[in-house]
Amino acid sequence: MKLRVERDVLAEAVAWTARSLPARPPVPVLAGVRLEASSEGSLTLSTFDYDVSARSTVPAGVEEAGVVLVSGRLLADIAKALPAKPVDLTLDGTKVVLRCGASRFTLLTMPVEDYPALPAMPELSGTIDADVLTEAVAQVSIAASRDETLPLLTGVRVEIEGEKLTLMATDRYRLAMRELSWHPTDPSISSVALVRARTLSDVAKSLTSAGSVDVALGGDSASLVGFAAGGRQTTSLLVEGDYPPVRRLFPDETTTHAVVATAALVEAARRVSLVAERNTPIRLSFSDGQVVLEAGQGEDAQASEVLEATLVGEDIVTAFNPHYLLDGLGALSTDFVRLSFTHPSKPAVMTGQGSAEGESEDEFRYLLMPIRFAG
């Protein structure tokens, strides 16, 4: 194998491909990144840990085609530190020699024949606008559980019905749901999958520099989901199990709702929550024309702040985990937030609103469980 590749191109490709390498690989070869030089003038870098696979194809001047396996983290560290000059890679026996300007590195190779075959990309299901996907994943993934003992809740449920795609996630204390439009290959497609929130977040951050992202789901690879854009593609095993029927938690109608300026509520909640000790709630008392935020009680430090609010319905007092409340507010991109209630002890629904008097925008909904509070 003998090739030349631009330093920035190599560094970016290695960093992206090696990002999913396991910290403690069950077998040594899984710590490697597979380099395949094609006589057609490309270099493909691949990693796979039996769970997630990543492939990145970049242009290269290939003199001799070939395949090698080298330490992924070491190659990533070296590529990042190289001077801004073309990089020459040459296989010399059982070693790979890397030259860049006056720098020269020798890397030991691993047995490439022991490396597992990467899974094939599932059948293409459709494409989605990159910016829309980035926003939707950021909004929903905040509600996915981080508790690996409940793997089902670490996933994001993806529901596809024709041109409508719905993302949902919950950790049992809140539920986020975003509906969006996409471009399916088959307009009559109907499919459901449970994708790891970590995988989706990674795709949203690293594959969305292109204008659109290809989504591959189902077909013969029913247990896999794949994403591809701009010469990069990644596959991941789906989370197995039956997701709880959470959509029904959203109430059909609400008796009371309040509208508050989003930025003002975020700032006030941050200030007031400074005195809310761990696991203590922030109280919100809605009455005509205002909302009072309070935290702390008894002998502890206390804080309160009054904000302007529009209330439709009865006065209501409720309390939330401040971290979960701020997560939901941070996921909104609108100037105003509408909080809809059926009862102080029942979950509230947060949606965005363009103006104080406008209509609620329901494509993103965030349902938040209240916390019981003293008094």
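**View 1. Where domain 2 meets domain 3.** In this predicted model, 13 residues of domain 2 touch twelve residues of domain 3. Together the two domains bury about 1,200 Å² between them, and carbon and sulfur atoms carry 54% of that area. On the domain 2 side, look for Arg 174, Leu 175 and Met 177: these residues lose the most area to domain 3, together 44% of what that side buries. For orientation, domain 2 spans 126–247 and domain 3 spans 250–368, while domain 1 covers 2–110.

**View 2. Helix H3 crossing helix H4.** Here the axes of H3 (residues 130–141) and H4 (residues 197–206) come within 9 Å, with a crossing angle of roughly 145°. The crossing is left-handed. H3 brings Leu 133, Thr 134, Val 137 and Ser 141 to the contact, and H4 brings Leu 200, Ser 201, Val 203 and Ala 204.

**View 3. Helix H5 alongside helix H6.** In this close-up, H5 (residues 262–272) and H6 (residues 322–330) have axes that come within 10 Å and cross at roughly 155°. Because of that angle, H5 is roughly antiparallel to H6. H5 passes H6 in a left-handed crossing. You can pick out Thr 262, Leu 265, Val 266, Ala 269 and Arg 270 of H5 meeting Leu 325, Leu 326 and Leu 329 of H6. The residues of this contact comprise six nonpolar, one polar and one charged.

Note on methods: Residues numbered from 1 in each chain as written. Predicted model: local features only at pLDDT ≥ 70, side-chain atom pairs only at ≥ 80, totals over all residues. Heavy atoms only, no water. Axes fitted to C-alpha atoms, helices over the stretch in contact; angles between N-to-C directions. Helix = DSSP H or I, 4+ residues; strand = E, 2+ residues; numbered from the N terminus. Parallel < 35°, antiparallel > 145°, perpendicular 65-115°, else oblique. Left-handed = near helix turned anticlockwise from the far one by under 90°. Contact = heavy atoms within 4.5 Å. Nonpolar A, V, L, I, M, F, W, Y, C, P; charged D, E, K, R; others polar. Domains from an automatic or database assignment. Buried area = accessible area lost by both parts, 1.4 Å probe.
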